[in-house]
Amino acid sequence: MTDTAPAPDHESTAAPVEPHRVLVLNSGSSSVKYQLLDMRDRSRLASGLVERIGEETSRLVHTPSGGTETRERTGRIADHDEALKAAAEELAADGLGLDSPELAAIGHRVVHGGLRFSEPTLITDEVLKEIERLVPVAPLHNPANITGIRTARALRPDLPQVAVFDTAFHRTMPESAARYAIDVETADAHRIRRYGFHGTSHAYVSRKTAELLGRAPEEVNVIVLHLGNGASASAVAGGRCVDTSMGLTPLEGLVMGTRSGDIDPAVTFHLMRVAGMSADEVDVLLNKRSGLVGLCGDNDMRVIRRRIDEGDERAALAFDIYVHRLKKYIGAYTAVLGRVDAVAFTAGVGENAAPVREAAIAGLEELGMAVDAGLNAVRSGEPRLISPEYARVAVAVVPTDEELEIADQTYALVEGS
């Protein structure tokens, strides 16, 4: 009998798979946005949105790599657990299942990190408890973020889960900008101070603006205007936030889609005493029935601009109030920074509403700011300058990518650890 050599063990000689993918989850109260990224080249492998969770008409829209086609499913999705499982099924259909050894981590957007969290953080039971303790100062956001974290941890308990906080970028604000002028003991006892939000967007956009100018972030002072349904401004000096418009909650600052922004605090007491409104009713008024929708009944800037073109005076007034507040913050942050190298518009309105950009900068020539009408009219998904060459301050449109920023921070933390 002839001896036969054993067959080679292919499994033992195969190179181990290096985890290089990051799943980013943004869990809202009734929605989950997700993106899967390959961190080797920072490319987007898939993305999706599950909305109207808990309703009979839930909807999932999944976009595979390339973004030219989508898959959609409808029907009731009862809760976030079911929503994430549905998203996982869609990813698995593309060969990108959550059980893949190529998945390195899951990064979660968490809106409020308080004073404790100034960096992306590996999620432990203790970290989750601290995020829960912050619910009173972020009642609309942190509970949904917590639900997404718990569901993802249950689906992949073996995988690193990372919290990336909206407030973290703004932790570099000096105390003179972060503190309210109220009794210090009361403020400290109840964690009352200005935290700021949209931090991942402000970090990403300020850095990309410096890149657009061909300079290092440490050399550039930027005013970032994140204008979506929620809107915020920030003053970024050399890559560090020194002031921002949102405060203890995302209600303070600019006029927004449904939020009032800056308002005399005594309005709350007046409504409670004179109109007989409860604290909860005032909360709903200022957060959901104010801003553009309170002024004219619409919070879609495209609809508002169409109404203005048709001669609608309420829409025109709402637009003017919106722009007036923008100008005030541009002027204020010019004073705070001392030297401004660029103003960057971003997010849904900032990236797409040329009339808003034009109106916000109009009349600021003495500050070195101007908009070129032709450049401003160009629609593009790329970062670009819309100011004329003679302008002392660059005015830019810089599309934000909060998911990529979260993925970058998540992957850097996991790789470093």
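**Notebook: salt bridges**

The model is predicted, so I note its limits: local features need pLDDT of at least 70, side-chain atom pairs count only at pLDDT 80 or more, and totals for chains, interfaces and linings use all residues. Residues are numbered from 1 along each chain as its sequence is written, and side-chain values use heavy atoms, with hydrogens and water left out.

Next I checked the partner. Asp188 meets Arg179 in a salt bridge, 3.0 Å from N to O (a side-chain nitrogen of Lys or Arg within 4 Å of a carboxyl oxygen of Asp or Glu). Arg179 is partly exposed, at 30%.

I then turned to Asp341. Its salt bridge is with Arg215, with the closest N and O atoms 3.5 Å apart. Asp341 sits in the loop between α12 (313-337) and β12 (342-346), and Arg215 in the loop between α7 (199-212) and β9 (221-227), so the pair ties together parts 126 residues apart in sequence. Helices (H or I, at least four residues) and strands (E, at least two) are DSSP runs, numbered from the N terminus. Asp341 is buried at 12%, whereas Arg215 is partly exposed at 33%.

I also found a network. Salt bridges with shared partners join Arg71, Arg73, Glu89, Glu90 and Asp94.

Last pair: I saw Arg116 and Glu126 form a salt bridge at 3.8 Å, N to O. Arg116 lies in the loop between β6 (103-110) and β7 (121-122), and Glu126 in helix α3 (residues 125-133). I counted 34 salt bridges by this rule.

Methods
Buried < 20%, exposed > 50% of the residue type's maximum accessible area, 1.4 Å probe, protein only.
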